[in-house]
Amino acid sequence: MGAIAKDISINVGLGIPVEYKGLKVFPIKVRDFLKFSDSYGILDIDKSSIGNVEVIKMSYLEYLIYLILGNNEIKQKFINIIDLCFGIAYDEEFKNKTDIPQDELLIENIDENNFNLYINGRNICLMIKKNKARIVLNNKELSASDFDNLRKIILYQNIEGYDDRPMSNDFKRIVTDYFALKNKGIKNPTLEYKVGVVLSSSGYTHEKIMDMPYRLFEITFNTIVSKYDYIVNMIAVTQGAKIDIDHWVYKKDKDIYDDIFSDANEYAKQFTSI
């Protein structure tokens, strides 16, 4: 667990906003998760994999600013994140020009190395100032380093199991290949299906589920599945099955990547015994 994850763990566990330098970062609710899910990838781009030295040298915020300038889809995803996580919705007060549509980009060129980028109708300003990127959200000016902290807060706050530890390209490939093989032939449940499972296994109403922080909802769904798996496996054990059962509540303390290497060792033993 990273330092940021530890710092915000109480707020995340209680499903309450995280405060950072005068800003409140709100947890995503179930009703908003599909929009968030379609957008949060812009916060977790691996710049180093692009292979461009100039891009690698940029701060994440500077790189994102240039992506927003050149791609309307990325601009909209950025707006979605700012709206959902900071509550910065469209407001006529911040509409700079009446003849320019809502959420259009407005560029204020200061000189060849400095400019301000506004999103029409939003209390947002992206800046390149003395070749350094900064961002203003709800009148709070933040550095590129602050933005790195904010994007990690958002990801830890809403994605159960999010891990930002640095990985080599080889390790990433191993992880990707492992989960592709492990999940082969398995159809991941949709949000609608997960809501149905929680509805049928709890006393929650549909409206209550829609208002839950998504991370808590995901934990609730996974706990229900683990509980029934445990019951079925315990019945199998009483019938003589040899199964290593992990308790559905008191799970073994292990790293999220331990299974990759333990399974790899088991595969190796099978092959060497042939």
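**Pockets, cavities and salt bridges**

Colleague: Which residues line the second largest pocket?

Modeller: Val 12, Gly 13, Leu 14, Gly 15, Pro 27, Gln 157, Pro 213, Arg 215, Leu 216 and Ile 219 line the second largest pocket. Two elements give two or more residues each to this lining: helix H2 (9–14) and helix H11 (214–238). Helices here are DSSP runs (H or I, at least four residues), strands are E runs of at least two, and both are numbered from the N terminus.

Colleague: Before we go on, what kind of model is this?

Modeller: This is a predicted model: local features need pLDDT of at least 70, side-chain atom pairs count only at pLDDT 80 or more, and totals for chains, interfaces and linings use all residues. Residues are numbered from 1 along each chain as its sequence is written, and side-chain values use heavy atoms, with hydrogens and water left out.

Colleague: Back to that pocket. What volume does the second largest pocket have?

Modeller: About 150 Å³. A volume is the space filled by probe spheres set on grid points, which are joined across faces, edges and corners. The grid is 1 Å, over the protein atoms alone; a pocket is an open set of points with protein on both sides within 12 Å along at least five of seven lines, a cavity is a set where a 1.4 Å probe fits but cannot get out, and lining residues have an atom within 4 Å of a point.

Colleague: How many cavities of 30 Å³ or more are there?

Modeller: One. The largest cavity has a volume of about 50 Å³. Helix H6 (72–86) and H7 are the elements that give two or more residues to its lining.

Colleague: How does the lining of the largest cavity divide by class?

Modeller: Ten residues are nonpolar, none is polar and one is charged. Nonpolar covers Ala, Val, Leu, Ile, Met, Phe, Trp, Tyr, Cys and Pro; charged covers Asp, Glu, Lys and Arg; the others, Gly among them, are polar. Arg 151 is among the lining residues, as are Phe 78 and Leu 150.

Colleague: Is Arg 151 buried or exposed?

Modeller: Arg 151 counts as buried because its relative accessibility is 12%. The cut-offs are under 20% relative accessible area for buried, over 50% for exposed and partly exposed in between (1.4 Å probe, protein chains only).

Colleague: What does the Arg 151 side chain meet in a salt bridge?

Modeller: Asp 148, at 3.2 Å, N to O. A salt bridge is a side-chain nitrogen of Lys or Arg within 4 Å of a carboxyl oxygen of Asp or Glu. Both residues lie in helix H7, three residues apart, about one turn of the helix. Asp 148 is partly exposed, at 23%.

Colleague: How many salt bridges does the structure hold?

Modeller: The structure holds 13. One of them joins the side chains of Arg 31 and Asp 211 (3.0 Å, N to O). That pair links distant parts of the chain, 180 residues apart. Arg 31, Glu 207 and Asp 211 are linked in a network of salt bridges.

Colleague: New topic. How many residues of helix H5 are buried?

Modeller: Eight of its eleven, so helix H5 (residues 60–70) is mostly covered. The buried residues include Tyr 60, Glu 62 and Ile 68.

Colleague: And where is Arg 165?

Modeller: Arg 165 is in the loop between helix H7 (144–158) and helix H8 (169–182). Arg 165 is partly exposed, with a relative accessible area of 39%.
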